[in-house]
Amino acid sequence: MPPPAIDLKTHLSGLFETALEVVAPEATDTPVVLERPKVAAHGDFACNVAMQLARRLKRNPREIAQRIIDQLPTSPWVARAEIAGAGFINLFLRPEAKRAVVQRIFAEGDAYGRVTVGAGKRVQVEFVSANPTGPLHVGHGRGAAYGASLANLLEAAGFDVAREYYVNDAGRQMDILSVSAWVRYLELFAEAVPFPANGYQGDYVRTRAAEMKAVDGDRFSRPAAAVTEGLPDAPEGDEAAVEARMDALIERAKQLLGPDFDRLTLFVLERQLEGIRDVLGRFGVTFDQWYSERSLYDSGRVARALEVLEANGHLYTQDGARWFRSTAFGDDKDRVVQRENGLFTYFASDIAYHHDKFQRGFDLVVDVWGADHHGYIPRVKAALSAFEIDPERLVVPLIQLVALFQGGEAVKMGKRSGSYVTLEDLMDDVGVDATRYFYLARKCDQHLDFDLDLAKSQSNDNPVYYIQYAHARVSSVLEEWGGDRAMLRASDLAPLDTPAELTLLQRITDYPDTIEFAARDLAPHVIAFYLKDLAADFHSYYNGTRFLVEDEAVRNARLALVLAVQQVLRNGLRLLGVGAPERM
RNA sequence: GCGCCCGUAGCUCAACUGGAUAGAGCACCGGCCUUCUAAGCCGGGGGUCGGGGGUUCGAGUCCCUCCGGGCGCGCCA
């Protein structure tokens with residue numbers, strides 16, 4: 001029997017489509033969906049197309065099913081087809097058809113599982129995009145793990161993927177960071193300026209100050225009196241006064257430092273981004289581009305985007321501010337793009353940013369955001385609509401909160417108290433593989449309870465080791481065997497016929513479908529669950545069957561199977577950014 | 001008050017976008033290491049899919065309603 005030129009499922013769907021042309025020529029657009037039945041008695045694949053057609057054809061589904069079966073072309077892969085239940089058509093494959101996947105995996109290797117749904121389409125995945133004003137925390141880590149794996153997944157689905165980090169390096173938060181670092185810097189010159197109540201408190205700010213001194217000496221130093229003179233008081237607890245004092249301090253810094261304020265800001269920004277890039281790199285997360293918000297202003301893109309909206313009558317002035325009429329495109333209320341004081345809002349640069357994304361030619365843009373930003377989606381989509389860009393081309397998966405648990409208790413975190421756990425702490429404590437797996441073992445829009453004890457445990461309770469162990473076990477067996485792996489590619493697979501073997505064959509056959517489904521749903525967790533199931537099938541097989549037996553034909557067939565299983569495990573783990581160790 | 005998300009076994013979560021008997025892990029009980037790694041396997045108990053109504057051949061999944069939890073509703077980012 002020749003190996004299939006196309007994959008099994010495509011072949012089977014084709015059989016149904018041929019039959020439909022005869023049975024229901026007026027309804028050949030009905031999609032043929034093949035499912036894996038939960039019960040073995042229902043065959044290897046089940047098709048519900050007869051039931052789908054019942055309504056349109058106004059006929060009994062079982063009768064339609066029989067007519068389809070009568071018209072199914074004979075196939076070397078199909079043993080028989082039968083009607084079951086309300087009108088399911090159950091297909092039973094010949095054993096050779098089930099075994100063929102092993103050869104396919106050997107032929108495709110690392111590329112096994114790649115599908116073509118995204119072929120010819122460019123997609124951008126923007127993720128993390130944390131403010132450079134502080135270290136990454138465990139919430140950012142989840143976005144990083146999700147975005148990175150999603151990008152891998154989309155690539156496997158055939159998309160041309162660009163990974164991007166949007167750097168919020170403009171605006172007031174950045175100014176506050178600069179001023180915070182500056183005050184710490186002044187302390188190094190014994191210029192005691194009271195640290196602002198809403199400044200960034202972390203130790204990293206002192207580090208930046210020390211770096212500034214090391215590089216630029218006293219260049220930014222000014223007398224404390226000149227800095228504080230005339231600043232408004234900020235009584236503790238009076239938030240408005242605290243903010244007002246900060247604004248005055250920012251103004252004072254710009255005034256005293258002149259052009260050097262920008263130099264200082266860029267210096268601090270550079271170091272902050274370096275730290276973020278470094279942590280993410282160690283976490284296995286990289287980007288094709290770091291896109292600066294600042295550059296949107298410097299290049300005139302913000303002004304240009306707003307001009308386009310203006311020219312099309314989507315902007316108006318009220319109460320001294322400029323508004324975007326987002327309600328014209330389904331938003332709850334109109335939104336300010338330029339404040340009364342002349343400053344642009346964050347939304348203004350975001351309009352320009354998304355305008356620019358689509359001008360760069362992406363067919364699809366994925367923004368990975370924290371769930372607390374969900375109210376922001378309608379206005380961004382409204383902006384796209386105003387640019388006559390189909391808002392459906394922007395998809396925004398929302399990442400829910402992460403709560404750390406240790407000893408059964410929630411680990412308390414508060415940004416104010418500075419007691420929050422950073423991504424760096426987490427990955428140093430738990431390890432990169434376990435951290436990435438735990439982040440991905442849940443749907444992204446589901447709250448995640450991250451059990452630190454479990455993630456750290458090197459035990460059978462820990463799912464990530466469970467999967468890696470399956471991979472390592474295959475290596476161990478092959479090493480024990482000591483033969484030439486390439487030789488296994490030519491093994492005759494006919495001896496594979498036990499239930500455990502057929503289960504494994506079915507599982508690895510489903511891998512490309514799993515990729516396609518997970519990619520369509522933007523759901524890397526599907527891969528995590530799949531790998532756990534595959535590992536379970538393997539461990540069960542391992543425990544019940546000895547591979548290194550005397551009978552060479554049987555031995556080679558079994559080794560070929562587990563070698564194929566190992567390939568699939570490795571391919572899947574790579575998508576998740578989790579290592580596939582040879583031994584543990 | 002309005003909008004979005006969520007509610008499935010004691011706990012943490014799946015469920016192929018409407019399919020056949022709702023599945024895993026943890027926890028609990030009982031077995032398996034002189035044989036390729038026991039970070040493993042095998043068996044067992046455990047469910048009103050938050051409640052109620054509707055749509056249809058068929059609903060955990062879609063619609064309505066109520067209950068319960070989270071988040072959002074700035075000329076903040």
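I'll start with a sheet: three strands make up an open sheet with mixed pairing, ordered S16-S15-S17. Its edges are strand S16, residues 409-410, and strand S17, residues 448-451, each of which pairs on one side only. Keep in mind that this is a predicted model.

Strand S15, residues 402-406, runs parallel to S17, and four bridges link the two.

Next, Phe450. Leaving aside residues up to four places away in sequence, Phe450 touches Val402, Ala403, Leu404, Phe405, Leu426, Val430, Thr435, Phe438, Tyr439 and Ala455.

That takes us to the cores. The largest nonpolar core has 128 residues, and those touching the most other members are Leu280, Tyr439, Phe450 and Ile508. Helix H23, residues 552-576, is the top contributor to this core, giving 13 residues. There is also a second, separate core of 31 residues, with Ala305, Leu315, Phe324 and Phe362 among them.

Last, helix H21, residues 511-520. Which residues of helix H21 are buried? They are Tyr511, Pro512, Thr514, Ile515, Ala518 and Ala519. Looking down the axis of H21, these buried residues fall within an arc of 155 degrees, so they line one face of the helix. In general, an α-helix has 3.6 residues a turn, so residues three or four places apart point the same way.

And what covers the buried residues of H21? The cover includes helices H4 (95-108), H5 (138-156), H20 (499-509) and H22 (525-544), along with H23. After H21 comes Leu522, with a positive phi near 50 degrees.

How values were computed:
Residues are numbered from 1 along each chain as its sequence is written. Chains are lettered from A and ligands numbered from 1 in the order in which they are written. This is a predicted model: local features need pLDDT of at least 70, side-chain atom pairs count only at pLDDT 80 or more; totals for chains, interfaces and linings use all residues. Side-chain values use heavy atoms; hydrogens and water are left out. Two strands pair if DSSP finds at least two bridges between them. A nonpolar core is a set of buried Ala, Val, Leu, Ile, Met, Phe, Trp, Tyr and Cys residues joined through side-chain atoms within 4.5 Å. Buried means under 20% relative accessible area, exposed over 50%, partly exposed in between (1.4 Å probe, protein chains only). Contact means heavy atoms within 4.5 Å. The arc is that of the directions from the helix axis to the C-beta atoms.
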